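Please look over the following structure, with attention to its pocket, its salt bridges and its surface.

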Amino acid sequence: MTVPPPTVVFTHRKSAWEHRHLLFALAGRDIRARYRQSFLGVYWAVLNPLLQTLVFWLVFSRFLRMSAGTVPFVVLYFSGVIFWNFFTTAITGAMGSVATQMYLLEKHRFPAVILPLASVLARGMDLTVSAGIFGLLLAWYAMPVPVTALVIVPLLVIGLAATIGISLLTAALNTLYRDVAQLVGLAFTLGFFLTPVVYDTEAVPAGYRTWLLLNPVATVIHGVRIALFRGELPSLADTWPGALASVVLLAIGWIAFRQLQSTFTEVL
Amino acid sequence: MATRQVPGDPSDAITVVSLGKRFDLRHERPTTITQELLGLLRPRLTEPFWAVQDVTMSVPRGGAMGVIGRNGSGKSTLLKMLAGTLAPTTGTLVVRGSLSTLLQLGAGFHPDFTGRNNVWLSAALLGIPEARMRAGFDDLVGFAELEQFIDIPIKYYSAGMLARLGFAVSISVDAEILLIDEVLGVGDLAFQRKCEARMREMMSGGRTIVIVSHDAHAVRSLCDTAVWLDRGHVRAAGPADEVVDAYEASSLGEGPGTVSRVRAADVDGDGLPDDPEDA
């Protein structure tokens, strides 16, 4: 049976911008929920990367005496892992954000895209804390921060675009197929080695490097290391493939989310 | 956008014409790729189910309409469409004015967080500006009579306390149209009176109200008009008193209504209806 399509007019529909404090309220709740009923509470956000650093320092700098040129290995590792951690934890959180908070969408009228965005935003706190600890680490090794470090701002935009793109895609697909979580878990395990976290891009043969830098997280880490440790700017040739990949990921995620969001509340 | 023709009478807050909502009930929803692929080979085992069909009604600005009907009659589906959280399948739906919904008490409340915390999140969900929330917070807590308990996790709240908090948050919205779902029968009698008084105050301020309830009393006392839904269709519509009377007469004649009447009259406790001469 075919029926004429509906005509729906709401004269006062609020825009996503008018819902911006919902974004912050949900992100705040996400952070609080993570540490609820824990004695140390939010201090875990500091303790966690601090203890990690201590162990890595012990293993890499003391046991194995590894270093990448003039850069202590623990500094090299930390400069990569903060971005990798942000990328993976943000996506993991955002992936389930719609499926687990469907009850909010059924009861309240707000743009569904706020749910994954709030999850990503909540992980921004961990990134900030980690960045602070990284600053302390640089101070400990008496490494100066050159002015080229400012390039981190555009690089973060690239990383964030990719993170949001994949978050939107997985959050939307996860409402239909729960095996998205399995797939993402596998992709993260493999992706860790295809991202220059425990090694430097300089060590990768040039032929492979071009492909490696299609990975936006690799682009961010590569650029940050060149800016911080060499006081130079990453070349455009090393940056544009990852930037392009980010834009494509963001577009795919956005379109997929838009296409699927009308089905979110329809699942009986 | 300005040139677009908005259907219906512009003096109405809500216009609904031949509205329908169809759900495709899949007996087994495919949740894995294998099932989905197999589903492509087989004809789809879906059964169309019209939760709401051919509903036409309108609520004038400043009016109060009740929607009554038994469980599963499509009341909540209709309200979700009015609220904009569920898209209709067919028909026309026009909502003129800002909207707030009170769909089940404390929807969006998180049990592990304090009352204060939940109020703030709910306010953000309802789109209440932060400045106004800050100014009105103490009044809200006072209205809910929860001054002592606002900083403890709501999992320790009683059902009545939760209901009071949910109601207090919802009415702090300054919307032109208020949609209310099955919430007036909660709390003790004193709180119910307070809610009704507050609703009347809001109505006299020119707000439009739609109440969905199977509590005939609330609809009779607060609404001027009512719609009786039965299996997704409008069975009766008109002045609230008349529609509620017809609904009550019908409910008593069929289903659970009959049982409760027998029980009520069973004073001597023999499990059988009392002989009229015993009384």
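Which helices and strands of chain A and chain B each supply at least two residues of the lining of the largest pocket? They are strand 1 (7-10) and helix 10 (236-260) of chain A, with helix 2 (75-83), strand 5 (99-103) and helix 3 (115-126) of chain B. Helices (H or I, at least four residues) and strands (E, at least two) are DSSP runs, numbered from the N terminus.

The model is predicted: local features need pLDDT of at least 70 and side-chain atom pairs pLDDT 80 or more, while totals for chains, interfaces and linings use all residues. Residues are numbered from 1 along each chain as its sequence is written, chains are lettered from A and ligands numbered from 1 in the order in which they are written, and side-chain values use heavy atoms, without hydrogens and water.

The largest pocket holds about 1,100 Å³ of space. Its lining has 43 residues, and A:Arg13, A:Arg109, A:Phe110, A:Pro111 and B:Gly84 are the closest to its centre. A pocket here is an open set of points, on a 1 Å grid over the protein atoms alone, where a 1.4 Å probe fits, with protein on both sides within 12 Å along at least five of seven lines; lining residues have an atom within 4 Å of a point. The volume is the space filled by probe spheres set on the points. By class, 24 lining residues are nonpolar, twelve polar and seven charged; Ala, Val, Leu, Ile, Met, Phe, Trp, Tyr, Cys and Pro count as nonpolar, Asp, Glu, Lys and Arg as charged, and the others, Gly among them, as polar.

Over all chains there are 18 salt bridges (a side-chain nitrogen of Lys or Arg within 4 Å of a carboxyl oxygen of Asp or Glu).

| Salt bridge | Closest N to O | Separation in chain |
|---|---|---|
| B:Asp112 and B:Lys155 | 3.1 Å | 43 residues |
| B:Asp151 and B:Arg116 | 2.8 Å | 35 residues |

B:Asp151 lies in the loop between helix 4 and helix 5 of chain B, and B:Arg116 in helix 3.

In chain A, A:Glu202, A:Arg209, A:Arg230, A:Glu232 and A:Asp238 are linked in a network of salt bridges.
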